[in-house]
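Have a look at the model first, then work through the notes below.

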Amino acid sequence: MELRESLRRRPAVEWVAWVLLSELAGVVGGVATASAIGTWYQTLVQPAFAPPNWVFGPVWTTLYALMGTAAFLVSRSSHPRARVALYAFLGHLVLNVAWSLAFFGLQSPLYGLVVIVPLLLAIVAVTALFGRIDRRAAALMLPYLAWVAFATALNYRFWVLN
């Protein structure tokens with residue numbers, strides 16, 4: 001409780017903590033991705049709409065920062081559902097990491113698809129929960145939702161082609 005109260009008195013520190021927590025999910029998932037991107041991933045038949053590899057790093061870094069900022073806005077709210085929304089956010093981060101481990105770590109577009117569909121649904125749920133608390137937080141989640149919807153289609157095409 002002391003840490004939470006300390007963070008509440010320092011909004012900039014709390015914001016940085018939420019962004020770093022979100023970015024940490026990217027780092028953990030990135031470990032599995034980095035080892036497979038130059039090897040296994042290059043052997044896959046690429047869907048026509050697959051972006052070049054260099055796009056993913058900047059996009060994901062930006063999306064994690066937006067997600068962390070959204071969580072920060074919700075954490076600052078006194079809304080009675082804020083805590084539930086933040087737990088849902090943390091739970092969805094587990095699915096986010098699990099996708100990287102399934103697709104890249106296990107080198108399986110099928111397992112990736114099995115994880116990314118629930119991830120997409122979790123993002124919809126988190127965005128809806130955030131929207132009831134702070135519309136700005138929900139708006140910050142929309143680029144992430146759009147990207148994961150695109151990634152779901154991309155993952156599906158990887159599965160079909162390979």
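Leaving out residues up to four places away in sequence, His-92 touches Met-67, Leu-119, Ala-122, Ile-123, Val-126 and Tyr-144, where contact means heavy atoms within 4.5 Å. This is a predicted model, so local features need pLDDT of at least 70 and side-chain atom pairs count only at pLDDT 80 or more, while totals for chains, interfaces and linings use all residues. Residues are numbered from 1 along each chain as its sequence is written, and side-chain values use heavy atoms, with hydrogens and water left out.

**H5 and its histidine**

- His-92 sits in helix H5; helices here are DSSP runs (H or I, at least four residues), numbered from the N terminus.
- With a relative accessible area of 1%, His-92 is buried (buried is under 20% relative accessible area, exposed over 50%, partly exposed in between, using a 1.4 Å probe and protein chains only).
- The 24 residues of H5 should span 34 Å at 1.5 Å a residue, and the end C-alpha atoms are 33 Å apart, which agrees; the expected span is 1.5 Å times one less than the number of residues.

**H5 against H6**

- H5 and H6 pack at an angle of about 160 degrees, and their axes are 8 Å apart. Axes are lines fitted to C-alpha atoms, for helices over the stretch in contact, and angles run from 0 to 180 degrees between N-to-C directions.
- That makes H5 and H6 roughly antiparallel to each other (over 145 degrees counts as roughly antiparallel, under 35 as roughly parallel, 65 to 115 as roughly perpendicular, and the rest as oblique).
- H5 passes H6 in a left-handed crossing, meaning that the near helix is turned anticlockwise from the far one by less than a right angle.
- In the loop between H5 and H6 you'll find Gln-107, which has a positive phi of about 50 degrees although it is not a glycine.
- Gln-107 is partly exposed, at a relative accessible area of 36%.

**Ile-133 in H6**

- Ile-133 belongs to helix H6 and counts as buried at 15% relative accessibility.
- Setting aside neighbours within four places in sequence, Ile-133 is in contact with Val-74, Ser-77, His-79, Arg-81, Ala-82 and Ala-85.
- Ile-133 and His-92 are 41 residues apart along the chain, and their C-alpha atoms are separated by 18 Å.

- Buried residues of H7 include Met-141, Tyr-144, Trp-147, Asn-155 and Phe-158.
- The buried residues of H7 pack against helix H3 (40-43), helix H4 (53-75), helix H5 (82-105) and helix H6 (109-133).
- H5 and H7 pack at an angle of about 25 degrees, with axes 13 Å apart, and are therefore roughly parallel to each other.
- The H5 and H7 crossing is left-handed.
- At the meeting of these two helices, His-92, Asn-96, Trp-99 and Phe-103 in H5 meet Tyr-144, Asn-155 and Phe-158 in H7.
- Ala-146 also lies in H7, but counts as partly exposed at 47% relative accessibility.
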